[in-house]
Each structure stands twice: as structure tokens, then as C-alpha cells.
Amino acid sequence: MKSSLILVSLGGIFGSVIRYLIIILFNSSPTATIIINLSGCFLIGTASSLINPAYRLFLITGVLGSFTTFSAFGLEGFKFLKHGYTAEALLYIGIQVFFGIVMVYLGEITAN
């Protein structure tokens, strides 16, 4: 357990720093978010297929988890579709997108 936490923490450092550098590079524009989310999805798809399970905590949970949680969303949606659960995939995607925006709105009105 202790070594798992260390692996996730170290990976998190790398992922958050890489995210921050991309944000700086693109002047905090929405382009940065698109690049982060789409590249994270590509990387988690690659890593989930190729990476030795011993390295998954560091790379998938740590690095990609702090880089973008959107990659986990992409992977989970893909798994539903891959296994033929189309209705569940659409529900999962719809809930995340719609209620994600609703929660941002609720957070904003709560803060004001």
C-alpha cells in the first residue's frame, strides 16, 4: 500500500507539471484543454494495452490521472462500447457531460 501511494504520488507530480506547461504554452486557452484531454485519451488507450501492470499505478493513475481525468472517462466509455454496451455507454457519456456542465454552473452560483 505504501509503495502504491508513492508510485501514484510521483506520477501525479509529472502529470500535473506537464499539464501546467501545456497550459502555459497555449496561454490558458481552450486549445490547451483540448490538447490535454485528447492526448490523455490517446496515451491511456496505449498504456492500458501495452503497459506492464506493475507500471500502471505510476503511469495511468499517477501521471495520466493528474494530467487529465478525461482520459479515464474516455477509457471507460470505450470499454462499454467495446463490450457491446452501447446504451450504457451513451448514458455514461451523457451523464458525465451534461451533469458536469450543470455542476460547474451550480458551483459558480454557490460561490456567488
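Me: Where is I44 placed, and is I44 buried or exposed?
Reply: In this predicted model, I44 has its place in helix α2. The relative accessible area of I44 is 3%. Since buried means under 20%, I44 in helix α2 is buried.

Me: Which residues does I44 touch, apart from those up to four places away in sequence?
Reply: Contact here requires heavy atoms within 4.5 Å. Setting aside residues up to four places away in sequence, the residues that I44 touches are I60, L64, S71, A72 and L75.

Me: How far apart in space are I44 and I95, C-alpha to C-alpha?
Reply: Along the sequence, I44 and I95 are 51 residues apart. In space, the C-alpha to C-alpha distance between I44 and I95 is 21 Å.

Me: Which element gives the largest share of the largest nonpolar core?
Reply: The largest nonpolar core has 9 residues in all: I22, A32, I36, I44, A47, I60, L64, F67 and L75. Two or more residues of this core come from each of α2 and α3 (53-67). The largest share, 4 residues, is given by α2.

Me: Which residues are in contact with I22, leaving aside its neighbours within four places in sequence?
Reply: I22 is itself a member of the largest nonpolar core. With neighbours within four places in sequence left aside, the contacts of I22 are A32, I35, I36 and F67.

Me: Is S71 buried or exposed?
Reply: S71 has its place in helix α4 (residues 70-82). Not counting residues up to four places away in sequence, S71 touches G40, C41, I44 and L64. Because the relative accessible area of S71 is 2%, S71 counts as buried.

Me: Which side chain is joined to that of N37 by a polar contact of 2.8 Å?
Reply: N37 is found in helix α2 (residues 30-50) and counts as buried at 18% relative accessibility. Beyond its neighbours within four places in sequence, N37 is in contact with T68 and F70. The polar contact of 2.8 Å joins the side chain of N37 to that of T68.

Me: What is the phi of S28, and where does this residue lie?
Reply: N27 lies in the loop between α1 and α2, counts as exposed at 66% relative accessibility, and has a positive phi of about 50° although it is not a glycine. Most residues other than glycine have a negative phi. S28 is likewise exposed, at 58% relative accessibility; S28 lies in the loop between α1 and α2, and its phi is near 55°.

Me: What accessible area does the nonpolar patch on the surface have together?
Reply: The patch is formed by I6, L10, I13, F14, V17, I18, Y20, L21 and I24. One of these residues, L21, has its place in helix α1 (residues 2-25). Together the residues of the patch have an accessible area of about 850 Å².

Me: How many helices and strands does the protein chain have, and what percentage of its residues count as buried?
Reply: Read along the sequence, the pattern of the chain is α-α-α-α-α, which comes to 5 helices and 0 strands. The C-alpha atoms fill a box of roughly 40 × 40 × 30 Å along the principal axes.

Technical notes: Residues numbered from 1 in each chain as written. Predicted model: local features only at pLDDT ≥ 70, side-chain atom pairs only at ≥ 80, totals over all residues. Heavy atoms only, no water. Patch = residues over 30% accessible without salt bridge, like charges linked within 9 Å, V, L, I, M, F, W, Y side chains within 5 Å. Areas by Shrake-Rupley, 256 points an atom, 1.4 Å probe, with all protein chains shown as cover. Salt bridge = Lys/Arg side-chain N within 4 Å of Asp/Glu carboxyl O. Buried < 20%, exposed > 50% of the residue type's maximum accessible area, 1.4 Å probe, protein only. Polar contact = N/O pair within 3.5 Å; in protein donor to acceptor, adjacent residues only side chain to side chain. Core = buried A, V, L, I, M, F, W, Y, C linked by side-chain atoms within 4.5 Å.
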